[in-house]
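Hi,

Here is the structure I promised to pass on.

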2 protein chains.
Amino acid sequence: MSNAGTVEERVAEAAGRARVAATDLALATRAVKDAALLAMADALVGQSAAVLAANAEDVAAAEAAGTGEHLVDRLRLDHDRVEAMARGLREVAGLPDPVGEVLRGSTLANGLELRQVRVPFGVVGIIYEARPNVTADAAGICLKSGNAVLLRGSSSARRTNSAVVEILRDAAVASGLPADVAQLVPGEGHEAAKALMRARGLVDVLIPRGGAGLIRSVVTESTVPVIETGVGNCHVYVDAEADLDMALAIVLNAKTQRTSVCNAAESLLVHADVADAFLPRVVPALQQAGVTVHGDPTFQAYDGVVPATDDDHATEYLALEISAAVVPDLDAAIGHIRRFSSGHTEAIVTGSQAAARRFVAAVDSAAVLVNASTRFTDGGEFGFGAEIGISTQKLHARGPMGLPEMTSTKFVVTGAGHTR
Amino acid sequence: MSNAGTVEERVAEAAGRARVAATDLALATRAVKDAALLAMADALVGQSAAVLAANAEDVAAAEAAGTGEHLVDRLRLDHDRVEAMARGLREVAGLPDPVGEVLRGSTLANGLELRQVRVPFGVVGIIYEARPNVTADAAGICLKSGNAVLLRGSSSARRTNSAVVEILRDAAVASGLPADVAQLVPGEGHEAAKALMRARGLVDVLIPRGGAGLIRSVVTESTVPVIETGVGNCHVYVDAEADLDMALAIVLNAKTQRTSVCNAAESLLVHADVADAFLPRVVPALQQAGVTVHGDPTFQAYDGVVPATDDDHATEYLALEISAAVVPDLDAAIGHIRRFSSGHTEAIVTGSQAAARRFVAAVDSAAVLVNASTRFTDGGEFGFGAEIGISTQKLHARGPMGLPEMTSTKFVVTGAGHTR
């Protein structure tokens, strides 16, 4: 990569190379792409020493800079984590190729043959935070879906990401694909990210993966079309007609099975009719599991419950905390969710068909679950095989995004000299 | 509508009312929506005198302001044009309801039932230029797809649009739907349009319909997700193995059947092997039809051909003009198209299966046609029944957008107390 020119020029140059690579990649067969993915996986494992050495430098630099242990842990790789990256690439090789799928087809009244066919976007930009495994995951998903990728990772993982991408590029070339199917965005700091966000016409789609702040900044600053992912202020609503044993199990699972993920529950709503029966069970159970309950006045009647503000109701804690409120009826629960939800995942626990139907229809989120934990909103759980993120926007893709969501379409129309 | 507050506040207030209406509309059955569309059609015809009176004022004001006759003609309504607007609404009523369609469904290994279901976006903003028929067309398509619409028409059509929207709103109310399923954006001038573009979170999708300048400004300024439509610098490529009679018919049809539309051809490329045979036929035929040919040096050997610049190759004339060039081979044609096309529609005329296959795979446009006129890229021609525009972007929808393209999706997951 050249170091001459401004950051904008260098990013534009990289995007131009990505576009050329994308043209070749769009025409590559599944066999070629899968061979490249398997070669990448083998190369990552074979050269894991180089990756771990680069990672050790990143970790040492982060520790020297006084980075918190939690973030350092996200950054740190070991042999198992490198193996997991390779396994991810092999899994993507095993998935069907979305490119070329015919979504619609018909012969029009005039004899024209119409086909709507999946095609790659072209060039995809990914902006993400610390975890270096995203580098290999995103590159694999983009390659399989026929897209060249521009990766903009955290600067704290720069050496690691660089080592991983070099290995992936070499494996691509050895498999007959251009090296530039995967590139790190050149340049450091916010300027480089900003240049990527402004590369409209060069970059087809931008996907931010990370915390709410990162996503907000990309959505606001980007002129490249963005797919917003990930922020999950997920609700569990326990209806008047809920099986309370089931409700207790779902609330505990949704809140505590894994707290740092976007499909963990952050808010609990309970129908007033079952509050007296359910609150004495759910509050101690949550507290036993280490959860701080931020409750409305009804919840505050229970030991250890702290008062909930509107901010609490709007917060994605990603921690052992939950906001909680009693609602007078189903529509009040729906109203609360419409007001505070980030549109990711909401669950109802109910034995009532009518309540389930109303909740499913009126809640406007990417996933609505009936009698199941919010933790199921996940590409792997849904059987999509690989996931680039969970879209919380309504345009293009909504919910877990697998390989098909990383494509556009093209209409192919065949005639015999047809004119109007 | 209130006239208090800043333009931003008034637009936000209107969007808030649209959101409330959208919540009701999302739950409305097809029967209710179709009844409202038919009532709207009847009301437009029944009250056409009021529409025509308002339109006469707009036309008089435009003429007094010295507006060109072409624009005044686009603005002018007559009884037939009002009838056509009503007919459009009735046709939309006859189309299937996209809302509720199940796109995917499966039972996961753990017994969870997964369904991906079409749902409305919510609130759609449409920014469009003079033609007042868009007001009824867009309102009808949005209503049928379950979306509340904020309409921002040209200020020159303000009185007409106002009269039309009032009639549509009254008919909605008479059919049991909220009036605010359709609203004009309050306020005048660019400030009101800008407020609509900045209403992220209140407006789900913005669709600009109009010239290249309007679309560019919306794409650049909007923080609301945009679906880019319409600019068509469409190419016809005449291959070495083309049937030249067929090629001539397709070129003439694509260029001259209707010049002011986005799927008209704007550029002609001819393989060098057939240049000597085809140029002496196509140049006079185009000129006979009144077309000015902007040609490369080979074309300039023919009488009346004026020199083509890169600007010509990049121009969407929307007039009796065409840029033209001879290319050494198929890949040069593909390269030219990749460089200059707006990604709308390109056609190849060829008898070669290999050339057709390569062209279809390598040309990256919304529609690629083989042995057919570019004029077929159209929702009506494709059998979609109604069209809100032709998307030239890759995200969400690409090509003619019918009712299904005006929806998002939602995952509905049903369990029996499932936890992870």
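Below is what I found, starting with how to read the model.

This is a predicted model, so local features need pLDDT of at least 70 and side-chain atom pairs count only at pLDDT 80 or more, while totals for chains, interfaces and linings use all residues. Residues are numbered from 1 along each chain as its sequence is written, and chains are lettered from A and ligands numbered from 1 in the order in which they are written.

Helices (H or I, at least four residues) and strands (E, at least two) are DSSP runs, numbered from the N terminus, and two strands pair if DSSP finds at least two bridges between them.

On the chain A side, β1(A) runs antiparallel to β2 (residues 113-120), with five bridges; A:T107 has A:E113 as its bridge partner. These two strands make a hairpin with five residues between them, and A:G111 in the turn has a positive phi of about 95°. β2(A) is also antiparallel to β16(A), through eight bridges, and there A:E113 partners A:T414.

In chain B, β8 (residues 265-271) and β11 (residues 321-327) run parallel, joined by five bridges. One of the partnered pairs is B:L269 with B:A325.

Cheers
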